[in-house]
Amino acid sequence: RDVQDVFLGTGLGPRAYAIIGQGTISRIIESKPEELRLFLEEAAGVSKYKERRRETENRLSDTRENLTRVEDILRELNANLEKLEKQAEVAAKYHALQSEVTLKQHQQWFLKRAEAQADQLKVQSEGLSAVNALESRMADLRRIEADLETVRQAHYAAGDQVNQAQGLLYEASTDVGRLEAEIRFVVEGRLRVEQRLVTLKEQ
């Protein structure tokens, strides 16, 4: 390839006019206009530049193809980037929602804990009030029992007094009966004496 580049434009190429092979002249005469133009360009030294131009155009074509592939890759990367950005946005929203849910759960837990503590304090207060009320009722009951015992003792004492009074009444009744009997005896004796006196006077 490098050797051909050296001979291009010198007239010593495969179709150069300095070296004319057998049958070349007839080929030139019988050649078509396009082939004749190639012979003339090589003879004039233009073929070297046309070859380089062709190579340059091939490189440009390859470069365009590479650019096309790069553009396709960029479009694919951009599409993937958009997908990744959307996924990142979704992930960010998910993390934000997850953080919000976690915060709400913590707030709910704190509220439930505060409510539980308030309920516990309420139950403790109600329990203490119930204990105090029970102790007050027990004190009232003990006081009532003491009053009842006092009344019972007073009743017993009154019963003793009644029994004693009944005994005294019985004794008094006995004395009254005895005195009444004595009075009747005295009255009857007096009446007998008076009747006897009347009888004696009549005699």
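Helices here are DSSP runs of H or I with at least four residues, strands are E runs of at least two, and both are numbered from the N terminus. The model is predicted, so local features need pLDDT of at least 70, side-chain atom pairs count only at pLDDT 80 or more, and totals for chains, interfaces and linings use all residues. Residues are numbered from 1 along each chain as its sequence is written, and side-chain values use heavy atoms, with hydrogens and water left out.

**Overall layout**

The protein has four helices and zero strands, in the order α-α-α-α from the N terminus on. Of its 203 residues, 6% are buried, where buried means under 20% relative accessible area, exposed means over 50% and partly exposed is in between (1.4 Å probe, protein chains only). The protein exposes about 17,700 Å², with 59% supplied by carbon and sulfur atoms; accessible areas come from the Shrake-Rupley method with a 1.4 Å probe, and for residues only the protein chains shown count as cover. If you look at contacts (heavy atoms within 4.5 Å) with a separation of 6 or more, 55% of them are between residues 24 or more positions apart.

Confidence is given as pLDDT, the predictor's score for each residue from 0 to 100. The protein averages 78, and 75% of the residues score at least 70. Helix α4 (residues 46–202) has the highest confidence, with a mean of 84, while helix α1 (residues 2–7) has the lowest, at 45. Over residues 1–18 pLDDT stays under 50, and the model has 24 contacts beyond four places in sequence for that stretch.

A salt bridge here is a side-chain nitrogen of Lys or Arg within 4 Å of a carboxyl oxygen of Asp or Glu.

| Pair | N to O distance | Spacing in helix α4 |
|---|---|---|
| Asp72 and Arg75 | 2.0 Å | three residues |
| Lys93 and Glu89 | 3.7 Å | four residues |
| Asp175 and Arg178 | 3.7 Å | three residues |

Asp72 and Arg75 sit about one turn of the helix apart. Asp72 is partly exposed at 35% relative accessibility, and Arg75 is partly exposed too, at 48%. Lys93 and Glu89 are also separated by about one helical turn, being four residues apart in helix α4. Glu89 counts as partly exposed because its relative accessibility is 45%.

Further along, Asp175 and Arg178 are three residues apart in helix α4, so about one helical turn separates them. Asp175 has a relative accessibility of 37% and Arg178 one of 43%, which makes Asp175 partly exposed and Arg178 partly exposed. This pair belongs to a network of salt bridges that links Asp175, Arg178 and Glu182.

**Nonpolar and aromatic spots**

Val70, Ile73, Leu74 and Leu77 form a nonpolar surface patch, with about 350 Å² of accessible area together. Patches are made of residues with over 30% relative accessible area and no salt bridge; like charges are joined within 9 Å, and nonpolar side chains (Val, Leu, Ile, Met, Phe, Trp, Tyr) within 5 Å. Leu77 lies in helix α4 and is partly exposed, at 48% relative accessibility.

For aromatic pairs, ring centres of Phe, Tyr and Trp (its six-membered ring) must lie within 6.5 Å; planes under 30 degrees apart count as stacked, over 60 as edge-to-face and the rest as tilted. By this rule there is one aromatic pair. The ring centres of Trp109 and Phe110 are 5.1 Å apart and their planes are at 65°, so the pair is edge-to-face. Trp109 itself is partly exposed, with a relative accessibility of 48%.
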